[in-house]
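Let's work through a few exercises together, one step at a time. Keep the sequence and the model in view as you read.

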Amino acid sequence: FFSLISHLCFTKMSGLTGREKMAPKTESRKHQRQRTEQEMQQLKDKIKASAPEVLDVFNQMDKAGNGVVTRHEFRVALNDLDIKMSKKEKDNLLSMIETHGDDVLHADELDQFLNGA
């Protein structure tokens, strides 16, 4: 499951078109997947290190205190953690983590992403 998420994250964050995905690459798909998995794990570790409990992390992200993390709050939180990603990459990541379909992050979605719970 994690490999699939990592692959989807790489594809979404890379912004490659279908034709570019089919083009020969200097880096094997396996190597790209491993690199992406490592980057995702580093991201998770950095988020977890900011607070030991998922609810603490979530509350730090939820600047408005309304029980959800908006795209803007999510981007700001990643900036605060010194995570270097483009706005598009951050939005793509939020879209991957956000599973309720309401375009905001809930605590249970963050828990699922960080812990697979």
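Before we start, a residue is called buried when its relative accessible area is under 20%, exposed when it is over 50%, and partly exposed in between (1.4 Å probe, protein chains only). Helices (H or I, at least four residues) and strands (E, at least two) are DSSP runs, numbered from the N terminus. The model is predicted, so local features need pLDDT of at least 70 and side-chain atom pairs count only at pLDDT 80 or more, while totals for chains, interfaces and linings use all residues. Residues are numbered from 1 along each chain as its sequence is written, and side-chain values use heavy atoms, with hydrogens and water left out.

**Exercise 1.** Find the buried residues of α4 and say what they pack against.

*Step 1.* Val54, Val57, Phe58 and Met61 are the buried residues of α4.
*Step 2.* These residues lie on the same side of α4, because they cover an arc of only 100° around the axis (the arc is that of the directions from the helix axis to the C-beta atoms).
*Step 3.* Their packing partners are α3 (29-50), α5 and α7 (107-115), where contact means heavy atoms within 4.5 Å.

**Exercise 2.** Look at the salt bridges of lysine 63 and arginine 75: are the residues in each pair buried or exposed?

*Step 1.* A salt bridge is a side-chain nitrogen of Lys or Arg within 4 Å of a carboxyl oxygen of Asp or Glu. By this rule there are five salt bridges.
*Step 2.* Lysine 63 pairs with aspartate 80 at 3.9 Å, N to O. This pair links distant parts of the chain, 17 residues apart: lysine 63 is in the loop between α4 (54-61) and α5 (71-80), and aspartate 80 is in helix α5. Both lysine 63 and aspartate 80 are exposed.
*Step 3.* Arginine 75 pairs with aspartate 91, with the closest N and O atoms 2.9 Å apart. Here helix α5 holds arginine 75 and helix α6 (residues 87-97) holds aspartate 91. Both arginine 75 and aspartate 91 are buried.

**Exercise 3.** What surrounds glutamate 98?

*Step 1.* Glutamate 98 sits in the loop between α6 and α7.
*Step 2.* Glutamate 98 is buried yet has no salt bridge; arginine 71, the nearest side chain of opposite charge, is 6.1 Å away (Lys and Arg count as positive and Asp and Glu as negative; His and the chain ends are not counted).
*Step 3.* Not counting residues up to four places away in sequence, glutamate 98 touches Asp103, Val104, Leu105 and Glu109.
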